[in-house]
Amino acid sequence: MSGRPTIKEVSKIAGVSFKTVSRVLNNEKHVSEETRRRVEEVVARLNFRPSHAARTLAGRRSFQVALLYDNPSPYYVYHVQSGAQQRCTELGYRLLLQPIDSQSPDLIANVVALIDEAHLDGLILSPPVTEVTALLEALDRRGLPYVRIAPGVQKENGMSATMDDVAAARELTRHLIDLGHRSIAFIRGPESHVSSSDRLEGYRLELEAHGIVFDPALVVAGDYSFQSGCDAARILLARTPRPTAIFAGNDDMAAGALAVAHESDIAVPEALSIVGFDDSDLAKAVWPPLTTIRQPVRELAYAAADLMLSGNAPEPRVTLEHKLMVRSTTGPAPKA
């Protein structure tokens, strides 16, 4: 065999029709596992790569999907892109990365234009885009497949990959309480993200479960950015008495709070414990390394792409587990 292998050569060696090879390559149903395995082995052995143009013409599909994102955390966005990109590549799809303004009055018109111009086969929506009800309704009317990462509203719309933010926030708050902290402040994320409200709710519920009165004065708004964490921490650390712990709604804001503690000569964790949420690369880059919740962001994006494209998912919704990552920014509450 010379030159680039063809689908007919794959079908001949695998002992199946070229239509069956096409079904396997397109992850279609109605192919036995034995046949699928045999075709995939031949494809791998020949290093066969189907022509994108030929696939498009044959199936009236573009083999292109888009990831829509609007998030101030570069770490979160990077891992969402990375996870979705890997699964799309594995399944022979091109992933278009599209930053958007989820608050824009032109949002739906811009997304519809993208769908039509790129002839998209589907969309992956990440927070807070996944919360825009009008966009979900527009996609439902068009009948375009879409999958949502961590939806917080209208969870029945579309497919979804998510984790339990409330339960994760409760576990992180409980970690601080178990260390003896009773004055625990909270830096919340933007209201446009349902995750912000869920994490605040988990914090509140765990305080109340331990008989600690929820104090709204200890909650300061941020926007998931490093700078907003700095600004919120300055407000909280100027209080008298000062809180002994700060729960920041994501790692970027926690890193901002940690920077303010350093510049104020407040020892962490001896005088102040700080926790974040996400377990981004930043959590291990700051000093001391950050105690946080590991949110499987990359895995959520991978699962989202798989739900849309593989055709093998038994359920349209998957829930992944979080993990408490205890590092060096948390310690026993200082003695009064």
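Leu272 is in contact (heavy atoms within 4.5 Å) with Leu237, Pro243, Thr244, Ala245, Ile246, Ala261, Ile266, Ala267 and Thr329, leaving aside residues up to four places away in sequence. The model is predicted, and local features need pLDDT of at least 70, side-chain atom pairs count only at pLDDT 80 or more, and totals for chains, interfaces and linings use all residues. Residues are numbered from 1 along each chain as its sequence is written, and side-chain values use heavy atoms, with hydrogens and water left out.

Leu272 is also among the residues with the most contacts inside the largest nonpolar core, together with Ile184, Ile187, Tyr203, Phe247 and Ile274; this core has 45 residues. A nonpolar core is a set of buried Ala, Val, Leu, Ile, Met, Phe, Trp, Tyr and Cys residues joined through side-chain atoms within 4.5 Å, where buried means under 20% relative accessible area (1.4 Å probe, protein chains only). Elements giving two or more residues to this core include helix 8 (165–178), strand 6 (184–188) and helix 9 (194–209). Helix 11 gives the most, with seven residues. Helices (H or I, at least four residues) and strands (E, at least two) are DSSP runs, numbered from the N terminus. Another core, of 27 residues, lies apart and has Val65, Val80, Ile149 and Met159 among its members.

Ten of the 13 residues of helix 13 are buried, so this helix is largely enclosed by the rest of the structure. Among the buried residues are Val297, Leu300, Asp306 and Met308. Their cover includes strand 1 (64–69), helix 5 (74–90) and strand 11 (317–319). Just after helix 13, Gly311 takes a positive phi of about 75°.

Terms used:
Buried < 20%, exposed > 50% of the residue type's maximum accessible area, 1.4 Å probe, protein only.
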